[in-house]
Amino acid sequence: MGSDPKVRAGAVDVVRFWQDLGYLIVYVTGRPDMQKQRVVAWLSQHNFPHGIVSFCDGLVHDPLRHKANFLKSLIGEVREAGMDLRQLQCLAK
């Protein structure tokens with residue numbers, strides 16, 4: 001993972017706020033699944049709450065497209081489940 005990515009000021013507090021409201025936390029990364037241990041350890045080390053972590057299948061050349069496609073798929077699944085899309089919140093870098 002190279003250098004230790006910096007945590008944005010207030011990021012942990014924002015994620016904890018949504019978790020405290022009962023939201024399921026999902027972290028979407030453009031990193032390949034072979035980096036799972038490092039990514040999960042980084043989240044823990046920086047006190048992010050537990051949540052689902054979505055990785056790329058192998059290496060991708062466009063991680064932003066991967067993230068966008070994941071979110072489109074998630075929106076489709078929320079609609080299929082008959083849930084109100086207002087129950088879905090997205091915070092992005």
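Tyr 27 stands opposite Val 53, a residue of strand S2. The model in which this pair is seen is a predicted one. The strand facing S2 is S1, residues 26-32, while S2 covers residues 52-56; the two run parallel and are joined by four bridges. In a regular strand, side chains alternate between the two faces of the sheet.

**Overall architecture**

Three helices and two strands make up the protein. Read from the N terminus, the order of elements is α-β-α-β-α. Strand S1, helix H2 (residues 36-45) and strand S2 together form a β-α-β unit, and this unit is right-handed. Along the principal axes, the C-alpha atoms fill a box of roughly 40 × 30 × 20 Å. The protein has 93 residues, of which 18% count as buried.

**Helix H3 and what follows**

Helix H3 spans residues 63-80, a run of 18 residues. From its first C-alpha to its last, H3 reaches 26 Å, close to the 26 Å expected at 1.5 Å a residue. Just after H3 comes Gly 82, with a positive phi of about 75°.

Val 78 belongs to H3. Its relative accessibility is 8%, and because buried means under 20%, Val 78 falls in that class. Between the C-alpha atoms of Val 78 and Leu 88 the distance is 8.1 Å, with ten residues separating the two in sequence.

**Surface features**

Leu 24, Val 26 and Ile 52 make a nonpolar surface patch of about 270 Å². Of these residues, Val 26 is part of strand S1. Val 26 has a relative accessibility of 31%, so it counts as partly exposed.

The structure holds one salt bridge. Its partners are Arg 65 and Asp 62, and their closest N and O atoms are 3.6 Å apart. Arg 65 has a relative accessible area of 54% and is therefore exposed, whereas Asp 62, at 34%, is partly exposed.

The accessibility values for individual residues are collected below.

| Residue | Relative accessible area | Class |
|---|---|---|
| Val 26 | 31% | partly exposed |
| Asp 62 | 34% | partly exposed |
| Arg 65 | 54% | exposed |
| Val 78 | 8% | buried |

Conventions:
Residues numbered from 1 in each chain as written. Predicted model: local features only at pLDDT ≥ 70, side-chain atom pairs only at ≥ 80, totals over all residues. Heavy atoms only, no water. Pairing = 2+ DSSP bridges. Right-handed = clockwise from strand over helix to strand, strands pointing away. Expected span 1.5 Å × (residues − 1). Patch = residues over 30% accessible without salt bridge, like charges linked within 9 Å, V, L, I, M, F, W, Y side chains within 5 Å. Areas by Shrake-Rupley, 256 points an atom, 1.4 Å probe, with all protein chains shown as cover. Salt bridge = Lys/Arg side-chain N within 4 Å of Asp/Glu carboxyl O. Buried < 20%, exposed > 50% of the residue type's maximum accessible area, 1.4 Å probe, protein only.
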